Amino acid sequence: MQYESPTSIEGVVALLADNAGDIRVLAGGTDLLVQLRAGMVSPDLVVDIKNVRETRSIVPEDGGYRVGAAVSGAELGEHADLKNAWPGVVEAAELIGSTQIQGRASMGGNLCNASPAADTVPALIAAGAVCRVAGPGGERDVPVEEICTGPGKTSLAKGEFVVSIFLPERGERSGDAYLRFIPRTEMDIAVVGAGVNLSLDAAGVCTAASVALGAVAPTAILVPEASAALVGTKVEDANMDAMAAAASAACRPVDDKRGTIEYRTKVAGVMARRACAIALDRARSS
Amino acid sequence: MSDSAKNDSGSNGHKYVGTRQVRPDGVDKVTGRASFGADLHVPNMLIGKVLRSPHAHARILSIDTSKAEALAGVKAVVTRDDINDLPSEMVPAGEMMVNYRDITRNVMAREKVLYEGHAVAAVAAVSESVGLEALSLIDVAYEVLPHVIDVMDSMKPDAPLLHDGMITQGVEPAPEKPSNVAKRVEFAIGDVDAGFADADVIVEREFKTKPVHQAYIEPHACLASVAKDGKAELWCTTQGHFVVRGHCARLLGMDISKLRVTASEIGGGFGGKTVVYLEPVALALSRKSGQPVKMTMTREEVFRATGPTSGAHMRIKIGAKKDGRITAADGLFHYQAGAFPGSPVQLGCMCAFAPYDLENARTVGYDVVVNRPKVAAYRAPGAPIAEYGAECVIDELAKKLGMDPIELRLKNAAKEGTQTVYGPKLGVVGLVETLEAAKAHDHYKAPLGKHQGRGVASGYWFNIGGESCATLNMSEDGGVHLVVGTPDIGGSRASLCLMAAEELGIDLDKVHPHIADTASLGYTFLTGGSRATFASGMAVVEAARDVIDKMRERVAKMWDIPVDAVIWEDGHARPASSNAGAFEPMSLAEITAMANKTGGPLVGNAAINAQGAGPSFGTHIVDVEVDTETGHVEILRYTAIQDAGRAVSPGYVEGQLQGGAVQGIGWALNEEYVYGEDGKLQNAGFLDYRIPVCSDVPMIDTVIVEVPNPTHRFGVRGVGETPIVPPMAAITNAIEQAIGIRFNELPMSPPKVLAAIDASRGPLADAAE
Amino acid sequence: MAKVVLNGNLKQFSDGQGDFDLDVKDVRQLFAQLGARFPELAPHLEEGIAVAIDGEIFQDALFAAIGPESEVHVIPKIGGG
Amino acid sequence: MSRTKIHVATTVNGDAVEFLCEPPQTLLDVLRDELHLTGSKEGCASGDCGACSVTLDGRLVCACLVLAVETTGHSVETIEGMADGDNLHPLQQKFLEHAALQCGVCTPGFLVAAKALLDVEADPSETQVRYWLAGNLCRCTGYDKIVRAVLDAAAEMRAN
């Protein structure tokens, strides 16, 4: 295994594009090193992107924020403005693993590891976040929900990597939240995750909503039916019940060591409803 | 909230026993200086790695190691041919008895692999990466066989047989056909049928538990070095290095006295480090390569290849009169032994109903092999499983009788003179005292909210003594080197030093403990069975008395008076009375300073087989809250109460109670092995084998009850094992109170709890909420 | 005469008999008498056995004293974690 | 299989350190096997137990989840650097006074993690301590005395 640590986007792209064999991008490494150790992967080349400035910075842009793909969860949590604008996204990032993991794990890594249970992905999708992807053909912007195509699989082409993730401007009277269910209080992979982002008008009527779920399908999913159950309503109990039911109905989970189909389906609605209540509070008080 | 840093003054006239002191090995352990199993490096050292079976059950057709041996940097490869095949012979090893025929096969598979992770070959190489590459070059041809994972499936007539020709022991007449049932055991007193006929209320329930791992944080590790003349040294993390010495010598055909084993600091054991895995393999690799070989397990190997405790299936039936007097108790237990016979089912049968004074009781147990790693001892082996079922039934019985569960227990509580189901009558025990303390505790009266419940359960463990040696080497400045042979897992050095200082009457900071290697002290049985503070403590007291007698003799000669006229008091030799003469008392330091001129160095010795371990009873109270939408159970409050006999080192006694309770919380709520249809373990890591983390639990309140053990100088009872017995039933009982659903299976993980809640509601109730 | 009781599976090796009055002074004599009377039981007394004398459990203690009025239970040996 | 080693220059506990490592080797491997700083323990090698907790440029991480080559030019602090000469850190002292360790193998990781907490939060609540330390597994103590020791150390450090 060869290790390289370029300092520019072009340098990363060149290494990814010009080398054959199994190449892995290293950001925080909290998934990759585990896979290396377990013998699940044996790459020929590891490209560390943390020395590329663009992957490590949080920059205001168009009223929103551009977050480097390798910014750690701890750094996100320490960024008061970002946390104020997108509390659900930051909370999702901060839920990944322990304090130690937080010191390394990044949203870019969480996304590109392409686990169906990744915590930040439903929150990012609900937020309408967009990835900046660099590759041999230059840079392109891709909605977060189009990156993962299945467990461990992404739409990134040979030579491409995610440089940053753009979170749009937070509108008035809007809020987001992410919740997940795990058997313990920490250190588990999400059995179910739910991200909700919504906006209200001055009368308290929901003008836009986005509900995304994790760990209930091969990739994180947007649930338009759940969003539709909220839009145009004052987000009262019955509306949230309908939203939760739509969320459960959209689940296509698997039975595995972390949860059953039945359990995930039911709890997806519960998590969506609880996240919705938090997002609503945030929207009302923003 | 108790202040755990409080420096209690000793009571009962003791200066040190019963006080809170900084442990003598503490500074090493907070600075990273302490040397654990994997921390030793020696020159010219190789790294050993083990090739493990990918199959749950398969016949080994051939093993070809030639390519691995040819790889540059590989210095030795060993297989079954390098470990002795041994005949069936039972030996004691921590938990019940083990069979050398089985140990040798567990250390390195011979005819068959019996579980995924079973060791098949091992290599020693110049680096880990070379070693791992060498493993990939070993060709093993397997004939894959059908496997069986569940204990009840394994007892079916058509189950795949693990051991050809295994005939169930303990059944008369002996079965003609072999099976996976290694043994049947039975204990009985009185007439159970008559007792049930006499009962007004009977509760009968079935329960299932999953295997749980000890999950010590330090994986198994050792470093072996065998010289050309056959002399060998072994450094390893173990609860008993004398036991390791015996096993390794036997498996490798060595003289016991040619092998010197040193126990490293041990990073947790809980029973799981009472047997050998890597140690004989490392010795075999070192013997073959002529170089020192270090081996460490990965966490995955720990889960796949080392012993958890049994999973079990059981049926419990208890009957009582309307006034709460229990008339009969009956238990049927099936325990998984793993790949080789030897589950702790017999101990489970003995403990199941131990907290009760019963006229009529019977327990029947089956020891059943399955294609899983061989079980190892785990904290009160066998007892938590059986007592879980019994304590749940007691709680249900209390509900049926309309009695408070503590009152029902008090009405039937075991006490001095109670006959146990396994025969003997109990001596002085403290169960009633723990129940009274529970009843009086403010926890038991605190209000509860919606979906919250409180549960109680009691627990029992025998405790053991056993072979223990101690040496007190007195230095010329009055300091004392205290040498014992029980590895210190949880602070036993501290309590042994307290007892030595107390007995000698000297300052604690003059006593310096040392865990000796197997060449430097007489045979000492392992740290287990809650025996270290009790039995090594007994040896320390005896060694102290031995050296006190020697010092009295020296002083008697100096003073030219009979030895009987010299007494030992407060660390000084004094004339017994004014009749003996007017002599200035001599301090220990004064006596040791002139030791060489008065007869030579002063050493106190004791080599005993400690008897009279006092059983320990405990009672736990737990409050839970159930999230009825997710099935998540939160532990809100926990109080662990236990009879310690005499808490020599109260901080560490509390620690045992707290640690046992939290292990029990994990067992109750989340810990389990998940096997696929292929017989392979799916959660061999701390990510999905979910032991409690810091944020999962509240502070664990403790109450130490002291009903002294009359056979021990300071009244000590073992305390380490009992605290893991009550939690599973206490939590089950608390959940029942919270949501009205009684679970009969562990773990009570969220999917199971939610499914039960949904099933109990029905569609209409669901809609109404 | 000490009252001696065999517990657990041991009765299988003593023709189903479990209670005896024996004139024994210590555990060694107890095992010798039981072994002589029931040869099948003898090997089982060598390993894996404990003896409770008036409620106190002795393991590997051949010379533990048994009194004339003692109640003695022969039980399986106890280990621990 | 190529086993070419890479030269790495870094700082460990304030000292400039150089070593050779294979690219897949972790910081934990190098600390323990090359630098013989064995206070950091390997309990899982997957970031689940925290026994190898160290700080990297002041940030708490698991040494098992950092490649050794990544430390080039950075600064690593381990348990071996925690005491100031003969003076134990208040956390170390409080762990001893509270009997907050039994076997002691998780203790270095807990201490490094707890110090990282007190570096950013001088007055943590019990809940903060519990969640901050959730990545450090202890199987012996049930965490009670560890949490008390951290809270007590924090109080003492605030008082001084």
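## Exercises on a predicted model

**Exercise 1. Which residues have the most contacts inside the largest nonpolar core, and how many residues does that core have?**

Solution. Start with the size: in this predicted model, the largest nonpolar core has 445 residues. Next, pick out the residues with the most contacts inside it: A:Leu213, A:Met243, A:Ala247, A:Ala272, B:Val281, B:Ala500 and B:Val540. Now look at who contributes: helix 16 of chain B (residues 532-559) gives the largest share of this core, 13 residues.

Let's zoom in on one name from that list. Skip the neighbours within four places in sequence, and B:Val281 is in contact with B:Gly48, B:Val50, B:Val78, B:Val107, B:Met108, B:Ala119, B:Ala122 and B:Met295.

**Exercise 2. Find B:Tyr277 in the model. Is B:Tyr277 buried or exposed?**

Solution. First, locate it: B:Tyr277 sits in the loop between strand 13 (259-263) and helix 8 (279-289) of chain B. Second, recall the cut-off: a residue is buried if 20 or more other C-beta atoms lie within 10 Å of its own. Third, apply it: B:Tyr277 counts as buried because it has 27 C-beta neighbours inside 10 Å.

Not counting residues up to four places away in sequence, B:Tyr277 touches B:Val107, B:His220, B:Ala305 and B:Thr306. Finally, take B:Asn106: it is 171 residues from B:Tyr277 in sequence, yet their C-alpha atoms are 7.7 Å apart in space.

**Exercise 3. Why is helix 8 of chain A largely enclosed by the rest of the structure?**

Solution. Go along the helix, residues 120-127. You'll find A:Thr120, A:Val121, A:Pro122, A:Ala123, A:Leu124, A:Ile125, A:Ala126 and A:Ala127 buried.

**Exercise 4. How many residues does each chain bring to the contact of chain D with chain B, and which helix of chain D gives the most?**

Solution. Count each side: 50 residues come from chain D and 46 from chain B. Now list the helices of chain D that each supply at least two residues to its side: helix 2 (90-97), helix 3 (107-120), helix 4 (126-132) and helix 5 (144-159). Helix 5 of chain D gives the most, with five residues. Last, sort the residues on the chain D side: 24 are nonpolar, 13 polar and 13 charged.

Methods: Residues are numbered from 1 along each chain as its sequence is written. Chains are lettered from A and ligands numbered from 1 in the order in which they are written. This is a predicted model: local features need pLDDT of at least 70, side-chain atom pairs count only at pLDDT 80 or more; totals for chains, interfaces and linings use all residues. Two residues are in contact if their C-beta atoms, placed from the backbone, lie within 7 Å. Helices (H or I, at least four residues) and strands (E, at least two) are DSSP runs, numbered from the N terminus. Ala, Val, Leu, Ile, Met, Phe, Trp, Tyr, Cys and Pro count as nonpolar, Asp, Glu, Lys and Arg as charged, and the others, Gly among them, as polar. A nonpolar core is a set of buried Ala, Val, Leu, Ile, Met, Phe, Trp, Tyr and Cys residues joined through C-beta atoms within 7 Å. A residue is buried if 20 or more other C-beta atoms lie within 10 Å of its own, exposed if 12 or fewer, and partly exposed in between; C-beta atoms are placed from the backbone.
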